[in-house]
Amino acid sequence: MKPKTKISDSLSWRGILVPVDFSKNARKALHFAIPLAAQSGARILLLHVIMPIVYPAEMGVVVPDEKRTLIAARKHLAEISRKFVPETLRGKVEVRIGQPAYEISEMARQLKVDLIVLTTHGYTGLTRILLGGTAERIVRHAPCPVLTVRATGTK
């Protein structure tokens, strides 16, 4: 019987990107990414994407205060990194504004990450059509492999 090989024996990863939407389900992706990073010597890179919201007004368009939202998101993401990611595995923590699938794929491309680990929301049918399939778009456009973790029990 052959001895078990570790991931690090066959892969030399430098970075694992974990998109975080601040839901409980997003932490499931971290639970998968941390052992992979530890075995392969990679850093965990966290990303939160804020979708721009524009509210119509009577005489024009009202855009919410993005600066305040960015500051709060950065603070919360840094807290998640400190709380859940071992110090030796911590990498970049970033907040971007835009469409999640695009921003996640673009960050992976810019930072040359080796893997994206994310949770799916598990939407099906009309809900999936209305809310979109972010994970599916990331799988299609990512410049690297994507590990999707099903968030069971969510609808």
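1. Helices (H or I, at least four residues) and strands (E, at least two) are taken here as DSSP runs, numbered from the N terminus. On that basis the protein chain has 6 helices and 7 strands, and from the N terminus on its elements run α-β-α-β-β-β-α-β-α-β-α-α-β.

2. This is a predicted model, in which local features need pLDDT of at least 70 and side-chain atom pairs count only at pLDDT 80 or more, while totals for chains, interfaces and linings use all residues. Residues are numbered from 1 along each chain as its sequence is written, and side-chain values use heavy atoms, with hydrogens and water left out.

3. On confidence, pLDDT being the predictor's confidence in each residue, from 0 to 100, the protein chain averages 81, and 75% of the residues score at least 70. The highest mean, 96, belongs to strand 1 (residues 15-19), and the lowest, 43, to helix 5 (residues 125-131). Over residues 124-131 the pLDDT is below 50, and beyond near neighbours in sequence this stretch has 5 contacts in the model, a contact meaning heavy atoms within 4.5 Å.

4. Two totals describe the protein chain as a whole. Of its 155 residues, 39% count as buried, where buried means under 20% relative accessible area, exposed over 50%, and partly exposed in between (1.4 Å probe, protein chains only). Among contacts between residues at least 6 apart in sequence, 77% join residues at least 24 apart.

5. The sheet is open and is formed by 5 strands in the order 5-2-1-6-7, with parallel pairing; two strands pair if DSSP finds at least two bridges between them. Strand 5 (90-97) and strand 7 (146-150) stand at the edges with a single partner strand each, so one side of each is left without a neighbour in the sheet. From one strand to the next the twist averages 20°, with axes being lines fitted to C-alpha atoms, for helices over the stretch in contact, and angles running from 0 to 180 degrees between N-to-C directions.

6. Strand 1 is joined to strand 2 by 5 bridges, the two running parallel, and Pro19 has Leu47 as its bridge partner in strand 2. Strand 1 also runs parallel to strand 6 (residues 115-120), to which 2 bridges join it; there, the bridge partner of Leu17 is Ile116. In a regular strand the side chains alternate between the two faces of the sheet. Both faces of strand 1 are covered, with Gly15, Leu17 and Pro19 buried on one side and Ile16 and Val18 buried on the other. Because 5 of the 5 residues of strand 1 are buried, this strand is largely enclosed by the rest of the structure.

7. Helix 2 (residues 24-40) touches strand 1, strand 2 (43-50), strand 6 and strand 7, and its direction makes about 150° with that of strand 6. Helix 3 (residues 66-84) touches strand 2 and strand 5, and its direction makes about 160° with that of strand 5.

8. Which residues of helix 3 are buried? They are Leu70, Ala73, Leu77, Ile80 and Ser81, and they cover an arc of only 95° around the axis, which puts them on the same side of helix 3; the arc is that of the directions from the helix axis to the C-beta atoms. These buried residues pack against helix 2, strand 2 and strand 5. The face turned away from the buried side carries the exposed residues Lys67, Arg68, Lys75, Arg82 and Lys83.

9. Two residues other than glycine have positive phi values and could be inspected in the model. Phe22, in the loop between strand 1 and helix 2, has phi near 70° and is partly exposed, with a relative accessible area of 27%. Lys112, in the loop between helix 4 (100-111) and strand 6, has phi near 55° and counts as exposed at 60% relative accessibility.

10. Finally, Ile97 is found in strand 5 and is partly exposed, with a relative accessible area of 29%. Not counting residues up to four places away in sequence, Ile97 touches Ile50, Pro52, Glu66, Leu70 and Glu103. Ile97 and Glu66 are 31 residues apart in sequence and 8.7 Å apart in space, C-alpha to C-alpha.
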